[in-house]
Amino acid sequence: MKKLIITGHGKYGSAIKEVIEFIAGDQLNIIYCDFLGNQSEKDLENQYIAIIEESDDEKIFICDIPGATPFRIAAMLTKKYNNIYVIGGVNVSAILEIIFHLENLNANEILKDLENITKKTVIRFNAKGV
């Protein structure tokens, strides 16, 4: 089984949870993790480790900002844990599309699809012809 861990600054994880559950209902394969202002980087790392160690499932960390603290800590943990993967900057459209295919794809296919779907779903409304 694979699990998605949606994480980021502030209440990013909680906010994305609201959106996903509003559109697609409760998702048992998604864990939402916030990085609040009163937490240290070590607190976040310990939160991630607890999530990783609760099962042998593959875990894909979907972080709000590539290279920022939540992303960096998850990426650092890939050195210690073989069953985790990290991606950043993914949009909600991509997450929604991928959640229905988690069991049919391997982790690398999921990462590739998240990246490609995000790129394809960024659309600029051009009412003024600019």
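The model is a predicted one, so to speak of local features a pLDDT of at least 70 is needed, side-chain atom pairs count only at pLDDT 80 or more, and totals for chains, interfaces and linings use all residues. Residue numbers start from 1 along each chain as its sequence is written, and side-chain values rest on heavy atoms, with hydrogens and water left out.

**The sheet**

Let's start with the strands. Helices (H or I, at least four residues) and strands (E, at least two) are DSSP runs, numbered from the N terminus. Four strands make an open sheet in the order S2-S1-S3-S4, with parallel pairing; two strands pair if DSSP finds at least two bridges between them. At the edges sit S2 (30-35) and S4, each pairing on one side only. On average, neighbouring strands of this sheet are turned by 20° against each other, direction ignored.

Strand S3 (residues 58-63) is mostly covered, with five of its six residues buried. Here buried means under 20% relative accessible area, exposed means over 50%, and partly exposed is in between (1.4 Å probe, protein chains only). Strand S1 (residues 2-9) pairs with S3 in the parallel sense over six bridges, and S3 pairs with S4 (residues 84-88), also in the parallel sense, over five bridges. Cys63 in S3 stands opposite Thr7, and in S4 the bridge partner of Cys63 is Gly88. Ile62, meanwhile, stands opposite Ile87 in S4.

**Helices on the sheet and on each other**

Now for the helices. H3 packs on the sheet and touches S1, S2, S3 and S4, its direction making about 155° with that of S4. Contact means heavy atoms within 4.5 Å. Helix H5 (residues 107-120) lies across S1, S3 and S4 and runs at about 5° to S4. For these angles, axes are lines fitted to C-alpha atoms, for helices over the stretch in contact, and the values run from 0 to 180 degrees between N-to-C directions.

H3 also has a helix partner. Helix H2 (residues 41-53) packs with H3 (residues 69-77) at an angle of about 50°, the axes being 10 Å apart. H2 and H3 are therefore oblique to each other; angles under 35 degrees count as roughly parallel, over 145 as roughly antiparallel, 65 to 115 as roughly perpendicular and the rest as oblique. On the H2 side, the residues that meet H3 are Glu41, Leu44, Glu45, Tyr48, Ile49 and Ile52, and their counterparts in H3 are Thr69, Pro70, Arg72, Ile73, Ala74, Met76 and Leu77.

Thr69 belongs to helix H3. Not counting residues up to four places away in sequence, Thr69 touches His9, Phe35, Glu41 and Leu44. Ser14 lies in helix H1 (residues 12-24), while Gly37 is placed in the loop between S2 and H2. Their accessibilities compare like this:

| Residue | Relative accessibility | Class |
|---|---|---|
| Ser14 | 30% | partly exposed |
| Gly37 | 85% | exposed |
| Thr69 | 16% | buried |

As for distances, Ser14 and Tyr32 are 18 residues apart in sequence and 6.2 Å apart in space, C-alpha to C-alpha. Gly37 and Asn126 are 89 residues apart in sequence and 37 Å apart in space, again C-alpha to C-alpha.
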